[in-house]
Each structure stands twice: as structure tokens, then as C-alpha cells.
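Here is a short briefing on charged side chains.

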Amino acid sequence: MYRFTPFIPCHVLLHQAMREILPEGVNYCEEFADLIDHPTCRLDLTDVETHGNTKVRIYECSECGRTCEEIYGKYERCPHCGAVVIDAD
């Protein structure tokens with residue numbers, strides 16, 4: 001965009017671009033900040049359930065408080081709020 005309109009300040013072009021790609025009413029400053037500073041969380045182990053021969057671990061997100069289940073591997077992000085997991089049990 002800047003190539004075609006070099007006389008318009010970059011912050012104005014950014015504002016126009018964000019308004020075009022985000023839904024109405026979304027605060028583009030917060031969305032843009034999330035690209036720079038990702039929210040982080042811990043997934044705290046709260047329970048282990050057994051389903052047949054499979055153990056299912058139940059975690060609670062320290063950021064949003066919602067629970068998620070895990071059988072294999074670990075989460076890189078909370079599946080509900082998207083916060084980056086920095087310390088999983």
C-alpha cells in the first residue's frame with residue numbers, strides 16, 4: 001500500500017488495512033498487540049480420568065480458567081483462549 005501512496009503516513013495505512021481485515025467493532029490495537037506480545041498461560045493438571053485403557057489428563061488454563069483434555073502429547077496453546085503454554089504439567 002505504501003508503494004502506491006507514499007505521501008500517506010504509515011500509521012494511517014496500518015489503520016486502514018486493519019479496518020479492512022478485522023470484523024466490525026474489533027479493537028485493532030489489541031489484535032495488533034497480540035501479534036507482538038502473545039498472552040501466556042500454564043495448564044495446571046486438575047484430574048486424571050481413565051476411559052477403558054486410556055488415561056485422559058484434565059488441565060485448567062491459568063489465563064481463561066477453562067478446562068481441556070489431553071491424551072497424547074502436550075498443548076502449545078490453550079485451545080480456548082489461544083494463550084501460549086509456557087509451563088505444562
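R42 is partly exposed, at 38% relative accessible area; the term covers values between buried (under 20%) and exposed (over 50%), with a 1.4 Å probe and protein chains only. R42 forms a salt bridge with D44. The model is predicted: local features need pLDDT of at least 70, side-chain atom pairs count only at pLDDT 80 or more, and totals for chains, interfaces and linings use all residues. Residues are numbered from 1 along each chain as its sequence is written, and side-chain values use heavy atoms, without hydrogens and water.

**Salt bridges**
- The structure holds two salt bridges (a side-chain nitrogen of Lys or Arg within 4 Å of a carboxyl oxygen of Asp or Glu).
- In the R42 and D44 pair, the closest N and O atoms are 3.5 Å apart.
- D44 is partly exposed, at 26%.
- E70 and R57 also meet in a salt bridge, at 2.8 Å from N to O.
- This pair links distant parts of the chain, 13 residues apart: E70 lies in strand β3 (residues 67-70) and R57 in strand β2 (residues 54-61).
- Strands are DSSP runs of E with at least two residues; helices are runs of H or I with at least four.
- E70 is buried, at 4%, whereas R57 is partly exposed, at 27%.

**Negative patch**
- E30, E31, D34 and D37 gather in a surface patch of negative charge.
- Patch residues have over 30% relative accessible area and no salt bridge, with like charges joined within 9 Å.
- D37 sits in the loop between α2 (28-36) and β1 (40-51).
- D37 counts as exposed because its relative accessibility is 57%.

Conventions: Patches are made of residues with over 30% relative accessible area and no salt bridge: like charges are joined within 9 Å, nonpolar side chains (Val, Leu, Ile, Met, Phe, Trp, Tyr) within 5 Å. Accessible areas come from the Shrake-Rupley method with a 1.4 Å probe; for residues, only the protein chains shown count as cover. Lys and Arg count as positive and Asp and Glu as negative; His and the chain ends are not counted. The place of a charge is taken as NZ of Lys, CZ of Arg, CG of Asp or CD of Glu.
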